[in-house]
Amino acid sequence: VQLQASGGGLVQAGGYLRLSCVDSRRTFSNNAVGWFRQAPGKEREFVASISWKGSVTTYADSVKGRFTISRDNAKSTVYLQMNSLKPEDTANYYCGAWLSSYRNRGSPRYWGQGTQVTVSS
């Protein structure tokens, strides 16, 4: 598994972005994948996760109803659709893949580089 995140940018509050996480080795179809974010001076926090077939998704309370995680295993890609963005969503967003097919309490085994999301008020 080798992950590459993209899609970040600068957007006004209320706007939207779609992040992509691609596995360049095309091997993560059996892995749960998640998105995390880290704002300056804060710890990395969980945002959303999706199971290997996409049947189970979980979200942080702060993004429920605004963000949607999905995956296309044929394209080895996991997406994070972010709507109704708020300034507090500003952070560096990372994708990570667990060894397991479903998210567990441990940290992902594999990480991509971050993609910066900045939401202006």
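Here, buried means under 20% relative accessible area, exposed means over 50%, and partly exposed lies in between (1.4 Å probe, protein chains only). What you're looking at is a predicted model, where local features need pLDDT of at least 70, side-chain atom pairs count only at pLDDT 80 or more, and totals for chains, interfaces and linings use all residues. Residues are numbered from 1 along each chain as its sequence is written, and side-chain values use heavy atoms, with hydrogens and water left out.

**Disulfide**
- Taking a disulfide as a pair of cysteine sulfur atoms within 2.5 Å, the count is one.
- The partners are Cys21 and Cys95, with an S to S distance of 2.2 Å.
- That pair ties together distant parts of the chain, 74 residues apart: Cys21 sits in strand β3 (residues 17-23) and Cys95 in strand β9 (residues 91-97).
- The torsion about the S-S bond of Cys21 and Cys95 is about 75°, so this disulfide is right-handed.
- Cys21 is buried at 0% relative accessible area, and Cys95 is buried at 0% too.

**Fold**
- The protein chain has 11 strands and zero helices (DSSP runs numbered from the N terminus: E of at least two residues for strands, H or I of at least four for helices).
- Among contacts (heavy atoms within 4.5 Å) between residues at least 6 apart in sequence, 56% join residues at least 24 apart.

**Overall dimensions and burial**
- The C-alpha trace spans about 40 × 25 × 25 Å along its principal axes.
- Of the 121 residues in the protein chain, 42% are buried.
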